[in-house]
Structure formats: C-alpha cells, structure tokens
Amino acid sequence: YASLVGEQKYWNKDGKLFGHVVFDDNANIQKGYFLNPKADTIWSYKKGAKSVPFYTEDGILDREFGLTSGRLNGIVNSYYINGALKSEVDESLSNEESFYSNGKSRSRIDSVANSDFKSYVSYSPYGKVAAKMTLLNYRPNGERESYYTNGLIKDKGFFNADDVENGDFYYYDTKGRLRYMITYKNGVVLKINTYDLKGEII
C-alpha cells in the first residue's frame, strides 16, 4: 500500500466531493475530511488509531479502512444502513466475507495455500451451505456444488478455465434422487439423461 501517497479524493455518483485524505511518502495518513449535509467531520491521525471511517452524505457509517501504526493494512469493512457489518475484506490476502443484515455469514472467499485458486462458499439466510466452488480470478474454475435448504445436494459439476460447463453435471431433487445428467463440452450440451424416481433412465 506504499503507492498511497499524496492526496486521495473521493466523489459520489453525482460528482460531489465527499472525502479527501492526505498521505505522506510512507503511506502514513496525515489528515482528511468528509463532507455531508449534517456536518463536516475533521480528523487527523492519532497514535493507536485502528481505522479510518467513511460516512454517507447522511452521516451514516459506510466503510472503515483498517490501520496499523498509521498505515492502511488492507482490512476494509462495509456496513448496512442499520450499522450491521456487511462485508469484511482482507486485501493483503484477497480473502473476504459478506454477511446478511441479521449478522449471519452470506459468503466467504479464501485463498488456497500455494495456489492462485480460491475457495468460495455461500450460505442461506438460515446458515446452511448454499454453494461451494473453486475460483480463479474470481470466476468459477473447477468443481461446483449447490445445495437445497434441507442440506441435500442440488447439483454438481465442473467448470473449465473459460468459466463454462465441462463434463457431466448432475441434478437432484429435494429428496436426494438423481433426476438429470447433462454432459457438456466447453459449454455445449452433448447429452441429456433423465431419470425416474427409481434411478432408471427414462
């Protein structure tokens, strides 16, 4: 984050300046301000500060940028309008987690050791795993599985490096019975098998 030197300015979608941060040559935060209709928030870095807050034009906390000894550490938190944590990103590791407004985890992206791949898991609002897949450059690449809210598998298959279906994809009903198998080659359907409730091809 040493590239963050000098002045950094932030505008809203209407072109109005709402943030202005000044860094020294070592990416240490010196001072800044945020403008909104309710008040001007003036701040300067103080020893021991853990984060820098950004507010909406209505004065509601929108994001916080983490600090370590006055330098941005890559931790960025964003918030819902009710103040609940919306997402937490660790830019240094490229890991991130998002949350529902009730505080339950919505999805996680984690780095895979000694690899450019990442693991992705999403959850239902009730805390059940909804989908799991492997990502490369934030695109599906490898195995993917999705699940019903009762925890049973809904479908599974493989995505190639072009983010398209490749090989056999299996689709199940809510009782775990295989109902379809679709064979793909680089996203093109080659074959479709349909199964009855006894697992026999129709």
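1. Surface. The chain exposes about 12600 Å². Carbon and sulfur atoms supply 51% of that area. Areas follow the Shrake-Rupley method with a 1.4 Å probe, and for residues only the protein chains shown count as cover.

2. Basis. This is a predicted model, in which local features need pLDDT of at least 70 and side-chain atom pairs count only at pLDDT 80 or more, while totals for chains, interfaces and linings use all residues. Residues are numbered from 1 along each chain as its sequence is written, and side-chain values use heavy atoms, with hydrogens and water left out.

3. Confidence. The mean pLDDT (the predictor's confidence in each residue, from 0 to 100) is 83 for the chain, and 80% of the residues score at least 70. Strand β15 (residues 167-172) has the highest confidence, at 97. Strand β4 (residues 40-44) has the lowest, at a mean of 42. Over residues 36-44 the pLDDT is below 50. Beyond near neighbours in sequence, that stretch still has 24 contacts in the model (heavy atoms within 4.5 Å). Where pLDDT is low, the predicted coordinates should not be read in detail.

4. Fold content. Among contacts between residues at least 6 apart in sequence, 12% join residues at least 24 apart.

5. Burial and core. Of the 202 residues, 32% count as buried. Buried means under 20% relative accessible area, exposed over 50%, partly exposed in between (1.4 Å probe, protein chains only). The largest nonpolar core has seven residues: Val 21, Val 52, Phe 54, Phe 65, Leu 67, Leu 72 and Val 76.

6. Ser 98. This residue sits in strand β9 (residues 95-99). Ser 98 counts as buried because its relative accessibility is 17%. Its side chain makes a polar contact of 2.7 Å with that of Ser 107. Leaving aside neighbours within four places in sequence, Ser 98 also touches residues including Lys 86, Ser 87 and Arg 106.

7. Positive phi. Most residues other than glycine have a negative phi. Asn 114 has a phi of about 55°, and Asn 186 one of about 50°. Asn 114 is in the loop between β10 (105-111) and β11 (117-123), and is exposed at 86%. Asn 186 is in the loop between β16 (178-185) and β17 (188-194), and is partly exposed at 48%.

Technical notes: A nonpolar core is a set of buried Ala, Val, Leu, Ile, Met, Phe, Trp, Tyr and Cys residues joined through side-chain atoms within 4.5 Å. Helices (H or I, at least four residues) and strands (E, at least two) are DSSP runs, numbered from the N terminus. A polar contact is a pair of N or O atoms within 3.5 Å; within protein, one must be able to donate a hydrogen and the other to accept it, and residues adjacent in sequence count only if both atoms are side-chain atoms.
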